[in-house]
Amino acid sequence: MRFFNTLALLCLLTLLTASPLCAQVTLGASGEEGEPFRRQQWRVPSPDTDIAAHALLFRPPGPGPFRLAVIAHASTQNVIRRAQMSHPEYRALVAHLVARGFAVLVPERLGHGATGGRYVEDQGGCDEADYARSGRATADEIRLALDYLRKQDFVRTDAAVVLGHSAGGWGALALANADPKAISAIIAFSPGRGGHANDEPNRICAPHTLVTAAAEFGKASHIPVSWFVAANDSYFAPAFSKTLADAFRGGGGRVDFHVLPPVGSEGHWMIETEAGVKAAAGALDRALNLPKPVATKKP
């Protein structure tokens, strides 16, 4: 009986991670615009040429061209949880960005939710965790989506912003080696991998390996990073997050580090909430490098 249970589980995992057979990959808009903020389903490139990654696009009114903001979502090593993930929308953050003139793309990476496919950003187990490789894999997925959107006539080709959350933020740090003319800022909300090891709060898998990888990313970086963590984050607590940020800075990266007040019951998810976006708003707007208002003379 144990053999058949194991076999059934293997079959389920195969179905969850397999590429669709004979699928025709079509990129671009895949639905009508809706609410809020002209919400629209898109398909964007992924590292697997047989799979188009699902994405959500939001835009201000008008034809543009708009600056582009790409939001990279969190992840998990658990294959079942990844397969069951609903597409994150980061509604409060999207509203903040659209109000400031950005077109916002939220791509769903391989191995997650409706996109499916092989999980290319696997970090491995604790003893052999390869955080540098997994971060670069995430960065490659973000870059593919960003480069595709930059070719659209409603998007500017310069001054894009990449915002990442947790594992998505870790990938955003790895993307700091990109052309600073194309990407003007990296904004990372509680970036890292290996937090809540064995589902235990304040336990990180191979923390020294994570610090070493952060320094490696810093050595190759060209883009300024704004780093945010909430005081009640139990995945990457402020003290450890500062150690990571210092390692990135020590490698040569530019980092503006911010500890925000406690947000909700678990600060790691701060950026998914209105309270978290409000707490970060001032420093976030400075990181976005928004145009200064034009002074007007009094009559």
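Q: What volume does the second largest pocket have?
A: The model is predicted. In this model, 13 residues line the second largest pocket, and those closest to its centre include Ser 184 and Pro 224. The volume of this pocket is about 160 Å³.

Q: How many residues of the lining of the largest pocket are charged?
A: The largest pocket holds about 720 Å³ of space and is lined by 33 residues. By class, 12 of the lining residues are nonpolar and 16 are polar. The charged residues number five.

Q: Is Asp 122 buried, partly exposed or exposed?
A: Asp 122 sits in the loop between strand 5 (102-107) and helix 4 (131-150). Buried requires under 20% relative accessible area and exposed requires over 50%. Because the value for Asp 122 is 36%, this residue is partly exposed.

Q: How far is Asp 122 from Gln 77 in space, C-alpha to C-alpha?
A: Leaving aside neighbours within four places in sequence, Asp 122 is in contact with Gln 77, Arg 133 and Ser 134. Gln 77 is also among the residues nearest the centre of the largest pocket. Asp 122 and Gln 77 are 45 residues apart in sequence, and their C-alpha separation is 7.0 Å.

Key:
Residues numbered from 1 in each chain as written. Predicted model: local features only at pLDDT ≥ 70, side-chain atom pairs only at ≥ 80, totals over all residues. Heavy atoms only, no water. Helix = DSSP H or I, 4+ residues; strand = E, 2+ residues; numbered from the N terminus. Buried < 20%, exposed > 50% of the residue type's maximum accessible area, 1.4 Å probe, protein only. Contact = heavy atoms within 4.5 Å. 1 Å grid on protein atoms, 1.4 Å probe; cavity = no way out; pocket = protein on both sides within 12 Å on 5 of 7 lines; lining within 4 Å. Points joined across faces, edges and corners; volume = space filled by probe spheres on them. Nonpolar A, V, L, I, M, F, W, Y, C, P; charged D, E, K, R; others polar.
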